[in-house]
Amino acid sequence: MQFFPFVVVVWILAVGLYGIVTSRHLVHLIVCLIVVQSSTYVLLLGVGYKTGAVAPYFFDVPNHTPAVDPVVQALALTDVVVEAAVTALLLAIAIQAHKRFGTLDPQELVELKG
Amino acid sequence: MTPAGRRWIFVAAIAGLAAFYLWGLVGLPGFGNYPGPYGDIINRVAVAQTNATAAVSAVNFEYRGFDTVGEEFILFVAATGVAVVLRHMRDERERATGGEHGDEADEGRRVPATSGAIRMVALIMTGPTVVMGWWLVSHAQTDPSGGFQGGVVLATAFILIYLAGQFLAFERVSPVDVTDAVEAVGAGGFAAVGITAVAMGLPYLTNFLGLGTTPGAVSSSGTIALISFFVGLAVGAAFILIVSEMLDQALLLRQGSQ
Amino acid sequence: MTASHLIAVVTPYTVPTGLMDVLQVTVLVLVAAAATMVVVIRVPARQVIALSVYGILLAVLFLVFQAPDVTLSELTVGAVALPILLLLTLAKIRRREK
């Protein structure tokens, strides 16, 4: 249990990278990129966790209850929303690529030049 | 190099990368043994210093507010990029092909009408979603909420109108010019809150409003609530803009006239 | 607005650590399996559904890691906004192909 979340993080990263490298459709590639990004969220939250601690919200618990790290949660939270917008930009570029080249296969897109 | 050969090379490379990554990660103190110190310090002083009971929002909008300005502008630039790419494509197509335009619109007529159940559920859920979005945006300092989540929920409420089959209503409720302006107000407002602090002689993004008396009330914690409001506006408008750019004008205007 | 401190309730943390460990390990295994499933499905239209399921499982994982804020973000973005964007892209691409 000490390092199991980190093993899962590495697994998700490896699986996502495998999907990116062997992809035959740009949208499938972008979804695998989303999976790779999500491995970093799990890593961030795994680093900040404290055994036996509560969430860092002191609305209904006394002020000095041991709580998990709020800094990594703040990072992960803005991360999730902002990377959705960046994914939207990637999808728009994929639509543009489909219009210009007629194909969405990354292996064929590399060979078309101009 | 055959695809299968490429695949085996990749597997070898990823095994090496995974081994290094795992070796680095097991050097950390282990899951559950958080050593501190910053998390513990912030948990101890956040409520007293900012009158906000949500330590995460205090970190996001107060202690690390400068980072959040940067992230918000990433979002702004990404939404603008989507708008630029897709509007350019739409203008090119409308200019280049007059007759083909009619064919595309005719094909759109074969899209089946939205079922009655989906329309009813979507229209019923729009109101509660807006209320939930505003609750999330305005309660950043008390509960697990904040501008980012609330903004996305607000955008979802508008998208529900489109999902209910009322594309014309969606376009009327969120015209592109207004959405652009709202997003600019949100992003600019956040920067302006920081600059107001500079104009008062304090460092950028200092909490200059009154902190309120009760920790965890909606009106407490000074600029955190104000910044969360602007962030909610910007994020919501960005997502509505992205979705409305991705919806094709020609197809759905023709279908929406039913 | 100042009545909020009157209704605040003290909720003691009562889940025993062993049970919490089991819960976390279970959800981590499910997340790893869901990630594999998302990558292995090659048809993008079906992959979107798998991504939605993956987003919900991630949200549960973040909740179990005591991070409700990140849960909210991941639920709204990963299970709602991203599948909408992906399906719209696929619809645009399919119409252009016809």
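## Chain C

Of the 98 residues in chain C, 43% are buried; a residue is called buried if 20 or more other C-beta atoms lie within 10 Å of its own, exposed if 12 or fewer do, and partly exposed in between, with C-beta atoms placed from the backbone. The model is a predicted one, in which local features need pLDDT of at least 70 and side-chain atom pairs count only at pLDDT 80 or more, while totals for chains, interfaces and linings use all residues. Residues are numbered from 1 along each chain as its sequence is written, and chains are lettered from A and ligands numbered from 1 in the order in which they are written.

Chain C contains three helices and zero strands, in the order α-α-α from the N terminus. Helices (H or I, at least four residues) and strands (E, at least two) are DSSP runs, numbered from the N terminus. Among the contacts in chain C with a separation of 6 or more, 47% involve residues 24 or more positions apart; two residues are in contact if their C-beta atoms, placed from the backbone, lie within 7 Å.

C:Leu23 belongs to helix α1 (residues 17-40) of chain C. This residue is partly exposed, because 14 other C-beta atoms lie within 10 Å.

C:Gln66 lies in the loop between α2 (44-64) and α3 of chain C. Its phi is near 60°, a positive value in a residue other than glycine.

Chain A has four helices and zero strands, and its elements run α-α-α-α from the N terminus on. Its radius of gyration, taken over C-alpha atoms, is 19 Å, whereas a compact globule of 114 residues would have one near 13 Å; the globule rule is 2.2 Å times the number of residues to the power 0.38. The C-alpha trace of chain A spans about 65 × 30 × 15 Å along its principal axes.

Buried residues account for 54% of the 114 residues in chain A. Of the contacts in chain A between residues at least 6 apart in sequence, 52% join residues at least 24 apart.

## The contact between chains A and B

Chain B contributes 46 residues and chain A 42 residues to their contact. On the side of chain B that touches chain A, α1 (3-25), α2 (38-50), α3 (55-63), α4 (65-96), α7 (147-163) and α10 (223-246) of chain B each supply at least two residues. The most comes from α4(B), with eleven residues. By class, this side of chain B has 31 nonpolar, ten polar and five charged residues. Ala, Val, Leu, Ile, Met, Phe, Trp, Tyr, Cys and Pro count as nonpolar, Asp, Glu, Lys and Arg as charged, and the others, Gly among them, as polar.

A:Thr78 is placed in helix α3 (residues 70-101) of chain A. A:Thr78 is buried, because 26 other C-beta atoms lie within 10 Å. Not counting residues up to four places away in sequence, A:Thr78 touches B:Asn60, B:Thr68, B:Glu71 and B:Phe148.

Eight of the nine residues of α3(B) are buried, and the helix is mostly covered. The buried residues in α3(B) are B:Ala55, B:Val56, B:Ser57, B:Ala58, B:Val59, B:Asn60, B:Phe61 and B:Glu62.

B:Asn51 lies in the loop between α2 and α3 of chain B. Its phi is near 60°, a positive value in a residue other than glycine. B:Asn51 counts as buried because it has 23 C-beta neighbours inside 10 Å.

The axes of α7(B) and helix α3 (residues 68-97) of chain C come within 9 Å and cross at roughly 35°. Axes are lines fitted to C-alpha atoms, for helices over the stretch in contact, and angles run from 0 to 180 degrees between N-to-C directions. The crossing of α7(B) and α3(C) is left-handed, a term used if the near helix is turned anticlockwise from the far one by less than a right angle, and right-handed if clockwise.

On the side of α7(B), the contact is made by B:Phe148, B:Gln149, B:Val152, B:Val153, B:Thr156 and B:Ile159; on the side of α3(C), it is made by C:Leu72, C:Ser73, C:Thr76, C:Val77, C:Val80, C:Ala81 and C:Ile84. The residues of this contact comprise nine nonpolar, four polar and no charged.

## The nonpolar core

A nonpolar core is a set of buried Ala, Val, Leu, Ile, Met, Phe, Trp, Tyr and Cys residues joined through C-beta atoms within 7 Å. The largest such core has 128 residues, and those with the most contacts inside it are A:Leu45, B:Ala79, B:Ala234, B:Ala238, B:Ile242 and C:Leu85. With 17 residues, α10(B) gives the most to this core.

B:Ala238 touches A:Ala85, B:Leu75, B:Phe76, B:Ala79 and B:Glu183, not counting residues up to four places away in sequence.
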